[in-house]
Structure formats: structure tokens, C-alpha cells
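Have the sequence and the coordinates at hand as you read.

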Amino acid sequence: QVQLVESGGGLVQAGGSLRLSCAASGRTFSSNFMGWFRQAPGKEREFVAAISRDGGSTYYADFVKGRFTVSRDNAKNTVYLRMNNLKPEDTAVYYCAAKRIDYLPNYDYWGQGTQVTVSS
């Protein structure tokens, strides 16, 4: 069982930056493939970024490439999402998620989410 707790969300002006953190419980963090998702009001949840177990591979949705960076620190059981040049359309609840098998589409564990609001 993995428990995930996101933090770092808030209100920021367009063009600003935020760094989200996702702290995981348990000793199996390094064996999990980690992802970030977001859900805006009235929209479906969408993939944002993901990172492999050792951090050597990262994946991004096209709409965040060049602006967001995903990273992890397995010693701290934490995954991060650095968000630069934020836009109003980035406003959403951001969730981190973990899965044990990286080639399967579904994630096994989800956090409660952290709100990011970008003002114009």
C-alpha cells in the first residue's frame, strides 16, 4: 500500500512558477512508476507527466513540454513537478499517482490533489 500526499499548490499569476511535491509513505516508493495528472473544472482528468522508477526516463503531455519538469528523490520518497511559465489554462487540481507496473495503463494509488490557480 502506498499513500500519496501532494503539496505546493496555490494562486500564482500567469508567467509565474510553482513546485508541487508528492510525498509517499512506505518503503516501496522506488519501485513505483510515478505520474502527475490534473483535472480542471468541468473537464476530465488528464495526464501531465510521468517518471520512471530510477528517474532516468520522463514523459510529458505536449501542452507542458518545455514548461514543466518532473523529478523524484527516492531517498526522500518524493516526486516533484516544477511548473514554469504558468498559464490560466493550467488551473486545475493536480494529482500524483503511482503504479507498480509501468507498462499497464492504470495507476494503483492516487493522492487527494492540490489546487493550482493561475490568474491572468
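How many disulfides does a search of the whole structure find? It finds one in this predicted model. The disulfide is formed by Cys22 and Cys96, with their sulfur atoms 1.9 Å apart. It links distant parts of the chain, since Cys22 sits in strand β3 (residues 18–24) and Cys96 in strand β9 (residues 92–99), 74 residues apart. The torsion about the S-S bond of Cys22 and Cys96 is about 45°, so the disulfide is right-handed. Both cysteines, Cys22 and Cys96, are buried.

Next come the rings. The count of aromatic pairs comes to five, and two of them are set out here.

| Pair | Centre to centre | Angle between planes | Class |
|---|---|---|---|
| Phe33 and Tyr59 | 5.9 Å | 40° | tilted |
| Phe37 and Trp110 | 4.9 Å | 55° | tilted |

Phe33 belongs to strand β4 (residues 33–39) and Tyr59 to strand β6 (residues 58–60), so their pair ties together parts that are 26 residues apart in sequence. Phe33 is buried at 7% relative accessibility, whereas Tyr59 is partly exposed at 42%.

Phe37 in strand β4 and Trp110 in strand β10 (residues 109–110) are 73 residues apart, and their pair links distant parts of the chain. Phe37 has a relative accessible area of 11% and is buried; Trp110, at 29% relative accessibility, is partly exposed. Ring pairs also join Phe37, Phe47, Tyr107 and Trp110 into a cluster.

Finally, two arginines deserve a look. Arg45 lies over the face of Trp110, at 3.7 Å from the ring centre. Arg72 lies over the face of Phe29, at 4.5 Å from the ring centre.

Note on methods
Residues numbered from 1 in each chain as written. Predicted model: local features only at pLDDT ≥ 70, side-chain atom pairs only at ≥ 80, totals over all residues. Heavy atoms only, no water. Disulfide = S-S within 2.5 Å. Helix = DSSP H or I, 4+ residues; strand = E, 2+ residues; numbered from the N terminus. Buried < 20%, exposed > 50% of the residue type's maximum accessible area, 1.4 Å probe, protein only. Phe/Tyr/Trp six-rings, centres within 6.5 Å; stacked < 30°, edge-to-face > 60°. Lys NZ or Arg CZ within 6 Å of the ring centre and 35° of its normal.
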